[in-house]
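Colleague: Before the discussion begins, please display the model under review. I should then like to examine its architecture, its core and its charged pairs in turn.

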Amino acid sequence: MNRYDRDMMHNRELIYDTKQQLHRADDRYKKGDKGAKKTMIHDRELIYDAKGEIHRIDEEKHGYEASADKVHRHSRKNRS
């Protein structure tokens, strides 16, 4: 397994674990623990950052220009 795949797998596991923590913090917040709100905000930031990192790794692996060219050709084909 190469470095890109390991990094992406790590980020996906991070997102999965963080979503579970977010769910537990949400339950605590609903029960009246106001300190859980900071945990929820932090967990959302972690998820956002991990998704951005996955996107960057995917662009490095596959190249951004190639995918943009496919979209452009596809959109021109459907115009007529």
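Colleague: How many helices and strands make up the secondary structure of the protein?

Modeller: This is a predicted model. The secondary structure accordingly comes to 3 helices and 0 strands.

Colleague: What share of the 80 residues is buried?

Modeller: A residue is called buried when its relative accessible area is under 20%. The accessible surface of the protein comes to about 6700 Å², and 52% of this belongs to carbon and sulfur atoms. Of the 80 residues in the protein, the buried share is 16%.

Colleague: Which element gives the most residues to the largest nonpolar core?

Modeller: This core has 10 residues: Met 8, Ile 15, Leu 22, Ala 25, Ala 36, Met 40, Ile 47, Ala 50, Ile 54 and Ile 57. Two or more residues come from each of α1 and α2, the latter covering 36-62. With 6 residues, the element that gives the most is α2.

Colleague: Against which element do the buried residues of α2 pack?

Modeller: The buried residues of α2 are Ala 36, Met 40, Asp 43, Ile 47, Ala 50, Ile 54 and Ile 57. Leaving aside residues up to four places away in sequence, Ile 57 touches Tyr 4, Asp 7, Met 8 and Asn 11. The buried residues of α2 as a group pack against α1.

Colleague: How far apart are the end C-alpha atoms of α2, and what span should its 27 residues have?

Modeller: The expected span is 1.5 Å times one less than the number of residues. For the 27 residues of α2 this gives 39 Å, and the distance between the end C-alpha atoms agrees, at 39 Å.

Colleague: Which residue just after α2 takes a positive phi?

Modeller: Helix α2 covers residues 36-62. The positive phi just after α2 is about 85°, and the residue that takes it is Gly 63.

Colleague: Is Asn 11 buried or exposed?

Modeller: Asn 11 is found in helix α1, which covers residues 3-30. Not counting residues up to four places away in sequence, Asn 11 touches Ala 50, Glu 53, Ile 54 and Ile 57. Since its relative accessible area is 8%, Asn 11 is buried.

Colleague: How many residues apart are Asp 26 and Lys 30, which form a salt bridge?

Modeller: The closest N and O atoms of Asp 26 and Lys 30 are 3.4 Å apart. Asp 26 is partly exposed because its relative accessibility is 23%, whereas Lys 30 is exposed at 63%. The two are separated by about one helical turn of α1, because they lie 4 residues apart.

Colleague: What N to O distance is found in the salt bridge of Asp 33 and Arg 28?

Modeller: Asp 33 is partly exposed, with a relative accessible area of 35%. Arg 28 likewise counts as partly exposed, at 36%. Their side chains meet in a salt bridge with an N to O distance of 3.7 Å.

Colleague: With which residue does Glu 53 form a salt bridge?

Modeller: A search of the whole structure finds 3 salt bridges. Glu 53 is partly exposed, with a relative accessible area of 32%. The closest N and O atoms are 3.0 Å apart, and the residue paired with Glu 53 is Arg 56.

Notes. Residues numbered from 1 in each chain as written. Predicted model: local features only at pLDDT ≥ 70, side-chain atom pairs only at ≥ 80, totals over all residues. Heavy atoms only, no water. Buried < 20%, exposed > 50% of the residue type's maximum accessible area, 1.4 Å probe, protein only. Contact = heavy atoms within 4.5 Å. Core = buried A, V, L, I, M, F, W, Y, C linked by side-chain atoms within 4.5 Å. Areas by Shrake-Rupley, 256 points an atom, 1.4 Å probe, with all protein chains shown as cover. Salt bridge = Lys/Arg side-chain N within 4 Å of Asp/Glu carboxyl O.
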